[in-house]
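The sequence and structure come first.

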Amino acid sequence: MAAAPAAAGSGAGRGRRAAATVAAWGGWGGRPRPGNILLQLRQGQLTGRGLVRAVQFTETFLAERDKQSKWSGIPQLLLKLYATSHLHSDFIECQNILKEISPLLSMEAMAFVTEERKLTQETTYPNTYIFDLFGGVDLLVEILMRPTISIRGQKLKISDEMSKDCLSILYNTCVCTEGVTKRLAEKNDFVIFLFTLMTSKKTFLQTATLIEDILGVKKVSYVFQQMAALLSIPGFVERLCKLATRKVSESTGTASFLQELEEWYTWLDNALVLDALMRVANEESEHNQGASEENGLPHTSTRTQLPQSMKIMHEIMYKLEVLYVLCVLLMGRQRNQVHRMIAEFKLIPGLNNLFDKLIWRKHSASALVLHGHNQNCDCSPDITLKIQFLRLLQSFSDHHENKYLLLNNQELNELSAISLKANIPEVEAVLNTDRSLVCDGKRGLLTRLLQVMKKEPAESSFRFWQARAVESFLRGTTSYADQMFLLKRGLLEHILYCIVDSECKSRDVLQSYFDLLGELMKFNVDAFKRFNKYINTDAKFQVFLKQINSSLVDSNMLVRCVTLSLDRFENQVDMKVAEVLSECRLLAYISQVPTQMSFLFRLINIIHVQTLTQENVSCLNTSLVILMLARRKERLPLYLRLLQRMEHSKKYPGFLLNNFHNLLRFWQQHYLHKDKDSTCLENSSCISFSYWKETVSILLNPDRQSPSALVSYIEEPYMDIDRDFTEE
């Protein structure tokens, strides 16, 4: 059997490799089964040795095997692609081959994502699997990255159309074939190169879709490290902001609702949806220039032929990817630089203008849903866009002074008036806000969010994300003006209605509402007055307590905020405060030592070093807050002695205090790390970090004679504090 033809590679080198492969197999005369070939290819893929690409076979052999195995001609097409994609190729034939490969994989991917995974071929090997196994993925990566290669000082170029074909094929392969996404994610230079493609309007959608898949398997630390490099790409963030805020054409034509439905079915039945969207992306620039309006003729591009709901779907697909990337950028180390850039490019005012017409538009009966799903399903593009939008607001507002860009000028003036009336200094960040960059119109983005939040159905999946987004606006140093701005809009009453009257059952939603309620009420006498006015019967209060006690992991932040508020109020001399202290059921309940001890015992008991997560580590800090406040009142020995008695009453002496000792050692390792930011603890509690550290050190004092040391309350036979543990 002859070696692979010279046209398939760079000549003798590839021929020798193919011949060596044939020799190693003892020639093709033995007619190995197709399954054995695939097994050898898979092994080569894992080891990098032996059979790894289609070019290592002859075209005759591949054609013969294809008849038996029904590989759809993919190995032969890859052989031709390899031959026509060398450095000096004009890539015309290469692009034609890609056009042949693309539909073989796209239909398979469409069936996969819609859960109709019935292959049209009688084979156990999907096309995407065969494509990857015969070296297709690696070959497309090489083709895509040709522009990074210089020959005689000149960069190689490939067309946007060819790049799009490569990207679409890679994405479809990632969707259907396990392990491909992870392999691509390991190619760091390729990942960075993909972000450069996002600056091109024509390749943005395909690139962003593939990037999101790849970033999903990358380590978070790596993703954040690489985001700084993206900011140096000229126009990258500006392009993202423009795509996120551009409007959808509102011209619906004269088509009736029934006609639009009929058009939808036509598009879907002919499997032209994705191709149409790709053509829309190509034609947009020409459409915007008005090139087709010459001689008074109407524009007849694909975009105007699409049903209006398809145009909206096209825009949603873009915005989903853009908002995702912006979220990742806002969570990186260069967060302040990203904030400055997206403020400058007016992302927030642009999103505010799109809020009613696209982001939170009313559902119509013709809104796109995936086959087998409905409009309320989390898989719906409309719903996914809303969630991604809320995640962006959360990332944008969290502990950053740019959060005031979510308001309009009138609302900023309202914040100033609240501070003036309360005779407190105006928030510096409000004074420093550039009024030319805030929201315009009658309502800012935060107010719009509050309006839809209060109208959300009880079973809505948005409640969690809405609460998280609003809570992020309040996080950081407590601002009375910010709290009052939200209280005046009925937020507290809405939260209490959801917790008490609707008796919310979702743990995630309850946790988000408890966290939001804590930030809204912390240190705010007016908020506690409103609480008492709404929770005006013992029956309501018992329902509220039942929700709190049903899961302290979910409600512990509220317990912490109420405990801190009580401590502050008790140290103030003010008639208004005194009135609230005497009337508020919640403050009276928390002020009781048995209540505090019950919370403290359970908070320590539900967490262990081995089971600590980002979700439940707050329980440890809440237990510390209770003990720090006790220390201030010189009650720390009393609280420790009561914990010891509670241990004995449960017939497990030592089990709680040993556990707490280990948790505090973990706390020291975690929070005293030189790179750990402690400002969040200080801002949330208004207790200096030095006092946190001192209290933990006192509790961990090894001197058994110290009345404030944990070891003084653990009897010798039950002492178990020297076990080693590592921070996961």
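## Helix α11

The expected span of a helix is 1.5 Å times one less than its number of residues. The model discussed here is predicted. Helix α11 covers residues 204–215, and its 12 residues should therefore span 16 Å.

A residue counts as buried when its relative accessible area is under 20%. In α11, 10 of the 12 residues are buried, so the helix is largely enclosed by the rest of the structure. The buried residues run from Phe 204 through Leu 205, Gln 206, Thr 207, Ala 208, Thr 209, Leu 210 and Ile 211, and also include Ile 214 and Leu 215.

## Thr 622

Thr 622 sits in helix α34, which comprises residues 617–632. Its relative accessibility is 1%, so Thr 622 counts as buried. Leaving aside residues up to four places away in sequence, Thr 622 is in contact with Asn 556, Arg 560 and Leu 603.

## The chain as a whole

The chain contains 38 helices and 2 strands. Of its 728 residues, 53% are buried. The accessible surface of the chain is about 33900 Å², and carbon and sulfur atoms contribute 51% of that area.

Among contacts in the chain with a separation of 6 or more, 74% are between residues 24 or more positions apart.

Terms used
Residues numbered from 1 in each chain as written. Predicted model: local features only at pLDDT ≥ 70, side-chain atom pairs only at ≥ 80, totals over all residues. Heavy atoms only, no water. Helix = DSSP H or I, 4+ residues; strand = E, 2+ residues; numbered from the N terminus. Buried < 20%, exposed > 50% of the residue type's maximum accessible area, 1.4 Å probe, protein only. Contact = heavy atoms within 4.5 Å. Areas by Shrake-Rupley, 256 points an atom, 1.4 Å probe, with all protein chains shown as cover.
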